[in-house]
Amino acid sequence: MIQIGTLRVSFEQREIRRNGLVMRIGARAFDVLEVLYRANGSMLSKDAIMDAVWPGAIVEENRLQVHVAALRKLLGVERDLIKTVAGRGYVLVVPKVHHSLQDRAHHSVRDSAPPSPLQTPMPPLSPSQPQATSAPSLPPLRTAPLIGREAEIARIVEQFEHVPVTTVVGAGGIGKTCLARHAAREMQHRQGRAVCFVELNKASSRETVLAALAEALDLPGEPGVSREDAICQAVAASNCLLVLDNAEHVIDVVAGFVDTLVTRHHGARLLVTSREPLHIWAESVLRLEPLAVPANGVSTEAILAHSAVALFLCRARALAPDCARDQASIALVAEICRRLEGLPLAIELAAARVATLGVEGVASRLDDRLNLLTGGLRSTLPRHQTLRATFEWSYMLLDGASRILFRRAGCFAGAFTFEAVCAVTAEPGMSIAVIVSSLSELATKSLLNVEFRGAIAVYRLTESTRAYALEKLRDEGESQIIATRHVRYMRKRIEESGPLVGQPEHDGADVSTRLSLDDARSAYDWAFSDDGDKVLGVALAGALVGTLLSTSHVQECCQRAQRALAVLDALPAGSVDVVCEMKLCAAYATSLLHVGDDMGQAVALWERVLRLARAADDADFAADALWGLWNAMQSSGDIHTSLRYATRFQQAVASGDSPWRRWLAEQTLAISLHCFGEHDQARERLERTVEAFTTLGATMPSRGWLTVYPLIYARGTLARIALLQCQPAKAMQLVESTLDLIHGDALEPSLSHVLACVAVPIALDCGEKQAAANYLSLLRSQSASHRLGIWLDYAECLAAKRDMLAGHADVALERLENALPRLASRGFRRVVTPFVVLHAQALAHASRFDEARTRLDEALVNARANGERYFAPELQRARGWLELRRAAQRGTPPDDAARREEAGRRLLDEAISMAHADGAPLWALRATLDLAAYERDKGETARAAALIDGLNASGWDLASNAPDFQRLAALRQALQAARAQHAERLQPQ
C-alpha cells in the first residue's frame, strides 16, 4: 500500500484505509485518484484525466469536478493535496519517484521516494503535454527554510501565466536565491515543470555562461551546432523552468541569451536572480524588499508576528534553543532587526552570533557590524559568508565614478538630495551626466535606495550599506575632506533653507530644501570629534540648535548648545561670528527653562545675548533677548523684573516694522499684569492679542527659541483667568482650543508647558476628572520621553493635587516632599505657589502645623518681594484656614484657641477683600467657604448662612462639577437643613 496524506491506498486491491478502517468511495473517483497519483506530481489537464478514466466516451467536465470534490472530502483537512491549476487541470501532491521523463533535468525539485511495485511510468495522456529530452537524473534542489516570502512566491508563480521571464532583483543578502529555489519548487508542484537551476557565480564571459548552461542541461557538444542553439533546443524540448542565479556580474550576456531564447521558444519560462534587471522586453521585475520589522514600542505579540523576527529566532534557536524567551530579549531582537533593516543575510549572521554573545551582546556590537556579521554557512557562496563580502561583490562591479559617489555618500546619515550629492560627493569638474549615470547605476545595483516625495527624488543608504561605504571611504583616505565638505554644506543648507525635518516624509517641493536631521547630527558629531574641525562645528551648531528646538528635541538642544559654547569660549576671539554666538546662547537659555537645573544661568545667557546684540547693532536679536529675559524672570517667579523687561521689550519693538513683534510685546505685558493680580486688564489685552495673532496667521519669525507659540501663551492665560472668575466651562473650552494650536510636527516644549500650567490644573479645578487624568498621563509620558526634568517634577506635584482632591492627603504629602524641593533647587517658581498651599494643607492633615505655617510664611515673603500678586489671596486664605484648624484642634489651650480663631477670621477676611480687589472671585469663594464651614462647625449657623448668602454668584457656572462649587452646594444644603431643624425646634409643641 502507498501513503497519500493520512490515507493508505492499494491500487491493486482498490482499497483505501484510514487508521485501519476501510473508507468507501466511488469507482470513478478511485480511478481519478489513481491517474493523478501515477502522474508522479505532474499537472494533468482535465481532458487527459477524462480520457484516462472514461476512454472513448464523451464526458462533461462537471462529472470530473464531482469526483474530484469527493476525493477532497475524503482527504478532509488534507484536501489541498489535490491542487487545481486554474483553467488547465489538477495536480496530486504526494511523494514521487525520479524515473519519470519530466524529472530528467538538472536539479529536479521533486521529492524523492523509494519506487513502489505498484507504480509504473504512464504514457503521455495528451498530445499537447510536453515531454523532456533525455537528460540524466540529478539530485533534488536543496532549499533552506523560507520565512516571510509567501506573497512573493505567489506573485512569481502568477506572473508566469503572463510573462516568460521574471527577474528577482534586490540587494546582496536579501534572499533572492532562496526565494528562487522555493518559487521553482512551487512551479514544479503546480505545473509539473522540471527545473534546471544554473548557478552563474563563477561565470565571467559569454562562453562561461553558455558553458554553465550546457553543463546544467548535460548537453554534449555536437559538431555543426552552436552551443547557444543546442541550449535553446534542449530547453524547448524539455519545457523546463530555467533558473539563472546570480546574473548581475554577467548581466549583458544573460540578457542577450534570455532575449534570444524567449524569441525562439515562446513557451519558455525563466526565473533570473540579479542585483539589477535584465532590461529586455519579455521581462517582469520583482524587486525583493527586506523582511518586515516591528515598529518601536509595540507589544511582544506584535513583535513575534514580523517575519524578520521570526527568521532571527529560527536561526538563533537552532544553535541556542533557550535564547530570547523573555519579553526584554524579544524587544532586543526587534531592535536588532530594525537596525539591520530586515536584510535576511545580516539577520542570519547576527542570529548565528547569539550562541556566543547572547542577544544583548549582539545588539551592543552592531556599530561594528562588518566585523561582527561573519561566519555564514560553509555551504553558501563565499560572498554570503560575511556581510562585508556581500557588499564587496557589488562594489567591485561598479565603474570608477560610481565607486567614488558610493563611498562618499556614506557621510549622509539620512536621506539626501541630488544637490547634496553634487556638493559633497562629486569630484570637482565631474559632469552632471556622469553623476546622474552613477546614481542610476547605484540604484540599479541595489546599493542606493531611491524614494520619491511628490516629484522630488531623495536617496538613502541602508545602515549596513552605509557602514561599508564609510569603511571604503577610510580605506581611500578621503574621510577628512568629505566630512569637512559635509559640515560646510549642512550649515549652508540650514541657514539658507530653515529648519530641517527628522525623516524625509513630507511630500512636494518642500523636501528639496529640507534635509534629514540625522545628517546634521552626524556632521556635528564629526566636527567635535578628535579628527574634526571644532570651529566648523561651532558654526554648524549655531545653525542646528534652532532646528532642534523647533522639532521638539529640547534636551538634545541643551546638550549640543552647551558643548558648542564651551568650545567657543576656549577658541581665539573672532573665530566664530557674533550671530552664531547669540544663537547658541539663546537656544541654550531657552532649553534650560525646560530641562536645566539653573534658572540663573538662563538669565546670564540672555544678558550675554543682549550685550552682543547691542555691540553688533542687531535690533532684532536685542529685542529677542529682552523677550528671553522676560520669559526667564517669569519662570523664576520674579514678576517685578519680568514686568520691567516686558515694558522694555514693548519699547524696543514699538518703532519696528513687525506687527507680530508688537503684539507679542502686548502679550508679555498682559501676562505680567495677570501675575500682578490685574486680571481684568490682562484679560482685555489678551483678548485683543488673540484676535490680532489670528488675523496675522503664520507670520511668526522663525526664531527657534520662541518655543511656545504666542497664541498658546495667550489662550492658556485666558483659561486661568476664566477659572479665577468662576467660569469653569469657559476655562475648559479655552483649554481645548489651546491644545488645538499644538501641531504634531512640533509638540515640545509647547505641549508639556500647556498641559502642566493650564490643562491639568484647570481640569482638576473644574472637576473634569477623566480629562485631568488623560492630560496628566500625557504630560508624564511627554516629559519623560523628552527628558524635560522640570515638567516631570511639575507632573508629580499635579498628581499630588489629584490625590488631595480624592482625599489621600498622606499620598499627596509624600509626592510633594520629593518634587517641590527639586523644583526649588532648579530655581523654577512659575505657577508653583498653589503647590506650596497644597503642601501646607497636607502637612496640616498630618498635624505638622508649624511646618505648614513656615512654608506659607516663606511663600508670602517671596511673593511680596517678587511682586507675585496672582496667588496672594490664596496664600492668605491658606494661612487663615491653618489658624482656624489649629484653633479647633483638640487639646489647644482656650486662650491660644481664641487667639488663633481671631487671627484666622482676620486672615480669611483679608483674603476675601484681596480677591475682590483683584477680580478673582474664585479665591474669595474658597476663603468664604473656609470661614462659613468653621462657623457652622462651631454651631454659628446664622453667621455661616450670612456668609454664603452674601456671595455674589452672578455669571458663575454653578452647575459645574468644580470641587469649589460642589462644596458650596453641599454647605448650602447643610445650612438649610440646620435652619429647618432650628425652626422646627422653635415651633410650639
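**Close-up 1. Residue classes in the lining of the largest cavity of this predicted model.** Sorted by class, the lining of the largest cavity comprises twelve nonpolar, five polar and four charged residues. The volume of this cavity is about 210 Å³, and of the 21 residues that line the largest cavity, those closest to its centre are Q634, I671, R720, R830 and V831. Two or more lining residues are given by each of the helices α27 (619-636), α29 (659-675), α31 (710-724) and α33 (750-765), and α31 supplies the largest share, with five residues. In the structure as a whole there are six cavities of 30 Å³ or more.

**Close-up 2. V831, a residue with positive phi in the loop between α36 and α37.** V831, which is among the residues closest to the centre of the largest cavity, sits in the loop that connects α36 (809-826) with α37 (833-845). Although V831 is not a glycine, its phi is positive, near 50°. V831 counts as buried because its relative accessible area is 16%, which falls under the 20% cut-off.

**Close-up 3. The cis peptide bond between E748 and P749.** The peptide bond that joins E748 and P749 is cis, with an omega of about 5°. P749 belongs to the loop between α32 (728-740) and α33, and α33 is one of the elements that give two or more residues to the lining of the largest cavity.

Close-up 4. With a relative accessibility of 5%, A324 is classed as buried.

Close-up 5. When neighbours within four places in sequence are left aside, the residues in contact with C337 are V293, A308, V309, F312, G342 and I347. The C-alpha atom of C337 is 9.5 Å from that of A363, a residue 26 positions away along the chain.

**Close-up 6. Strands β2, β3 and β4 and the two hairpins that they form.** Strand β2 (residues 7-10) runs antiparallel to strand β3 (residues 15-18), and three bridges join them; R8 has R17 of β3 as its bridge partner. Four residues separate β2 from β3 in their hairpin, and within the turn R14 has a positive phi of about 50°. Strand β3 also pairs with strand β4 (residues 21-22), in the antiparallel sense and over two bridges, where R17 has V22 of β4 as its bridge partner. The hairpin of β3 and β4 has two residues between the strands, and N19 in the turn has a positive phi of about 55°.

**Close-up 7. Two segments with pLDDT under 50.** The average pLDDT of the chain is 86, and 89% of the residues score at least 70. Over residues 96-141, by contrast, pLDDT stays under 50, and the model has 103 contacts beyond four places in sequence for this segment. Residues 503-513 also have a pLDDT that stays under 50, with 22 contacts beyond four places in sequence in the model. Where pLDDT is low, predicted coordinates should not be read in detail.

Conventions. Residues are numbered from 1 along each chain as its sequence is written. This is a predicted model: local features need pLDDT of at least 70, side-chain atom pairs count only at pLDDT 80 or more; totals for chains, interfaces and linings use all residues. Side-chain values use heavy atoms; hydrogens and water are left out. On a 1 Å grid over the protein atoms alone, a cavity is a set of points where a 1.4 Å probe fits but cannot get out, and a pocket is an open set with protein on both sides within 12 Å along at least five of seven lines; lining residues have an atom within 4 Å of a point. Grid points are joined across faces, edges and corners, and a volume is the space filled by probe spheres set on the points. Ala, Val, Leu, Ile, Met, Phe, Trp, Tyr, Cys and Pro count as nonpolar, Asp, Glu, Lys and Arg as charged, and the others, Gly among them, as polar. Contact means heavy atoms within 4.5 Å. Buried means under 20% relative accessible area, exposed over 50%, partly exposed in between (1.4 Å probe, protein chains only). pLDDT is the predictor's confidence in each residue, from 0 to 100. Two strands pair if DSSP finds at least two bridges between them.
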